[in-house]
Amino acid sequence: MTVNGRAVSVDVEDRTLLVNVLRDHLGLTGTHVGCDTSQCGACVVHIDGRAVKSCTTLAGQADGANIVTIEGIARGDELHPMQAAFRDNHGLQCGYCTPGMIMSAIDIVNRYGADLDEQTVRQELEGNICRCTGYHNIVKSVMDAAARMKMPLAAE
C-alpha cells in the first residue's frame, strides 16, 4: 500500500486492523482508536480518496490502496485548509476526535463542493463524535474550510 505518498509493506496477521498497522507498525499515531466499534470516527483516514473508518477495516482490505492519514494532508509546514480552519475557528478542544473529524470533513467538502450547507455538514458528521465542543465551531470550521478549498493555491 501507499501511505501518505510512501510505498510501505507490512507482514501482519489476517485479522489485523488498518488502524493498528498505521499506529503500531508505521508510527502514524494521529489516527486514533476511540471506540473500536466504528461509531466515534476518531480513526477516519482516506483510502483511495474516500473517508473510511480504519478501526473496522482489515489491513488486507487496503492492499494496493492509496491511504492518506492526518499526517499526510499538510504541505510541509503549510496546514491543509481544513486544519487551518479548525485552528482559526476553535473547532477543537481536547483534540482527540480532531484528526478523524478533519479527515471526514475533507471528504464531505470534496463530495459536496459548492452545494455544501450547514445542515448537510451536521448530517454528514453524525458518524464522528466530539465530547468537548458541542459541534458549533466544528461546523463553522468545515464551512470556512469549504470556502478556502475552493480558492486555487498560489503554487499551482
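## Packing around Leu125 and the overall fold

Leaving aside residues up to four places away in sequence, Leu125 touches Met101, Ser104, Ile108, Ile138 and Val142, where a contact means heavy atoms within 4.5 Å. The model is predicted, so local features need pLDDT of at least 70 and side-chain atom pairs count only at pLDDT 80 or more, whereas totals for chains, interfaces and linings use all residues. Residues are numbered from 1 along each chain as its sequence is written, and side-chain values use heavy atoms, with hydrogens and water left out.

**Nonpolar cores**

- The largest nonpolar core has 23 residues, and those with the most contacts inside it are Met82, Phe86, Met101, Ile102, Leu116, Leu125 and Val142; such a core is a set of buried Ala, Val, Leu, Ile, Met, Phe, Trp, Tyr and Cys residues joined through side-chain atoms within 4.5 Å.
- Two or more residues of this core come from each of helix H2 (81-88), helix H3 (98-112) and helix H5 (136-150), and H3 gives the most, with seven residues.
- A second, separate core of 14 residues includes Val3, Leu22, Ala62 and Ile67.

**Ser104**

- Ser104, which has its place in helix H3, is buried, with a relative accessible area of 8%; buried means under 20% relative accessible area, exposed over 50%, and partly exposed in between, with a 1.4 Å probe and protein chains only.
- Apart from residues up to four places away in sequence, Ser104 touches Val44, Ala51, Leu125 and Asn128.

**Fold and dimensions**

- The protein chain comprises five helices and five strands, which run β-β-α-β-β-β-α-α-α-α from the N terminus on; helices (H or I, at least four residues) and strands (E, at least two) are DSSP runs, numbered from the N terminus.
- A compact globule of 156 residues would have a radius of gyration near 15 Å, and the protein chain agrees because its value is 15 Å; the radius is taken over C-alpha atoms, and the globule rule is 2.2 Å times the number of residues to the power 0.38.
- The C-alpha trace of the protein chain spans about 40 × 35 × 25 Å along its principal axes.
- Of the contacts in the protein chain with a separation of 6 or more, 62% are between residues 24 or more positions apart.

- Buried residues make up 42% of the 156 residues in the protein chain.
- The protein chain exposes about 8400 Å², of which carbon and sulfur atoms supply 46%, with accessible areas coming from the Shrake-Rupley method with a 1.4 Å probe.
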